[in-house]
Amino acid sequence: NFRRASNGASLVALRHATLALGFFGRTEPTPKPGFIPMASLQEAPPLTSEELLARARRVSAIVACQAAAASRRQQQQRDMASARAFERMQIEASLRPEEMIPGKSSLQKGFQQLNDFMSFMVRRYGNPVRAWFMLDTEENMKLGQKQFERRCTEIAYRGQLSALWKYIDGDGSGTIGITEFHPPSAQLLAGFKVIMKDQFDDSLEEFFAFLDVTRRGRLNKTEFMVRMNKVGYTGPSGRLFDLLDKRNVGTISEKDLGFMQRWRPPPFIFSSPDNDALREVKRRFLEMYPTPLRVWRRCLDRNNSMSLAWEEFADAIADLCRRTKTPQYPEQVIASIWRALDTECTGNITLREWDLPSFEAIREFKLWADRVHGGVVKAFRALDSNSGNAKLSEGEILKAARGDDPCRADLDLIFEGLDVNDSRALTESDVRFLDTWDLSWEEWLHQAKQGEKTLAATTGSSWRRGLDGAHGGAHGARPEGFASTS
């Protein structure tokens, strides 16, 4: 009991244990009849009162430090709880029920569920990576929907799992990785992986041997930070250690890092934004088509979803090089171009990120069509009412700018952008996708993210950043801790 109290954080418990030890140390045990003590169980000679008090005084200083540290941790937890409560209050205030999108609220529910889920997981497990491995217990670095929902149930999370999954699995692939689960943490882990790849030939064994100079097979936080500094890592090595310490035991072993060999993150997570290369790619696209909106419709968003995944973008760049008979861009260059668009490292972009003027024009046109005619196809038919040939010329679409409630969008830009076949006329098929575009959700999500960034700047907390400080750098930054190799 005295040994336990010496390692604890309670001076009261230490005093109690000292008194008990002093009492029993001066009391001769009464042997039971017929009991013969074994030599291996003989007790050491009891301490004298002076020795016991001296020992207790030495230990009390350590226990007092531990008690102070525990008090600070409790205060930090209370502060974090207050920050979370404030952030939650602000978010909920910005998401009033009357602002819910009729018939389209499942994505909003998913967004709110992700807020609750991340708060629950980080509060219970400490950081998003520990939370991930509580779900991915086999460390495959990917989860299917059934496995995800089963593990959430097992750890007693009671949220709306179907809405949560639909939001996290934004591309509908049926699986998620840690990149989708928590992009900032994935970026921080990528910094570690890229050093292992570039300097140690992607060998975890060699990398860990470099880190473990004492050859104990385990690293504490201080040792890890010192050795990461030696290898040239300039990022937040303390936060990185916390993420790698999956079991929250204060040390990491080579076995704890085994998932790094199996993890195959998308290439863009290793990249920093290259705005110059993005401008060059846009210039080359615009040599083929007259407007960024035409490029978006003809080359990028070929499935009319109004969103673009990384794989689709990489295919479009490869197709651009084939059509212009120029050398293919290296994958790392394409990834850097992508990061200039996907600043939050989510794996998806929208027309807003590709070209803001095009987005604003098409947004205003859709809002006008929905408001005045009840839909874009209905607006098309109303504008085509005179000729009745199921086509809209440039002159006919300009009629939208007349009347009591005119469309204030840049109609010339819209016509040029939607006329993907360059036929100088639009058909219903050219505009029908706008009726299925969930603009309300996209606007809502954009406003929610902007509000979250404002809250993060003012309160210093955000569920996307893990609520505990274990997050990556600013959105759009290269994974922390290594220099660009491009």
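Me: Which helix gives the most to the positive patch?
Reply: In this predicted model, Arg 3, Arg 4, Arg 55, Arg 57 and Arg 58 form a positive surface patch (residues with over 30% relative accessible area and no salt bridge, like charges joined within 9 Å; Shrake-Rupley areas, 1.4 Å probe, only the protein chains shown as cover). At least two of the patch residues come from each of α1 (2-6) and α3 (49-94) (helices are DSSP runs of H or I, at least four residues, numbered from the N terminus). With three residues, the one that gives the most is α3.

Me: In which helix is Arg 4 found?
Reply: Arg 4 belongs to the positive patch, where Lys and Arg count as positive, Asp and Glu as negative, and His and the chain ends are not counted. Each charge is placed at NZ of Lys, CZ of Arg, CG of Asp or CD of Glu. The helix that holds Arg 4 is α1.

Me: Which helix holds Glu 311 of the negative patch?
Reply: Asp 171, Glu 180, Glu 311 and Asp 315 make up a negative surface patch. Glu 311 sits in residues 310-324, helix α16.

Me: How many residues apart in sequence are the parts tied together by Lys 221 and Asp 242?
Reply: These side chains meet in a salt bridge at 3.3 Å, N to O (a side-chain nitrogen of Lys or Arg within 4 Å of a carboxyl oxygen of Asp or Glu). Lys 221 is in helix α11 (residues 221-230) and Asp 242 in helix α12 (residues 237-244), so the pair links parts whose separation in residues is 21.

Me: What is the mean pLDDT of the protein?
Reply: pLDDT is the predictor's confidence in each residue, from 0 to 100. It reaches 70 or more for 79% of the residues, while over residues 38-42 it stays under 50. The mean for the protein is 81.

Terms used: Residues are numbered from 1 along each chain as its sequence is written. This is a predicted model: local features need pLDDT of at least 70, side-chain atom pairs count only at pLDDT 80 or more; totals for chains, interfaces and linings use all residues. Side-chain values use heavy atoms; hydrogens and water are left out. Patches are made of residues with over 30% relative accessible area and no salt bridge: like charges are joined within 9 Å, nonpolar side chains (Val, Leu, Ile, Met, Phe, Trp, Tyr) within 5 Å. Contact means heavy atoms within 4.5 Å.
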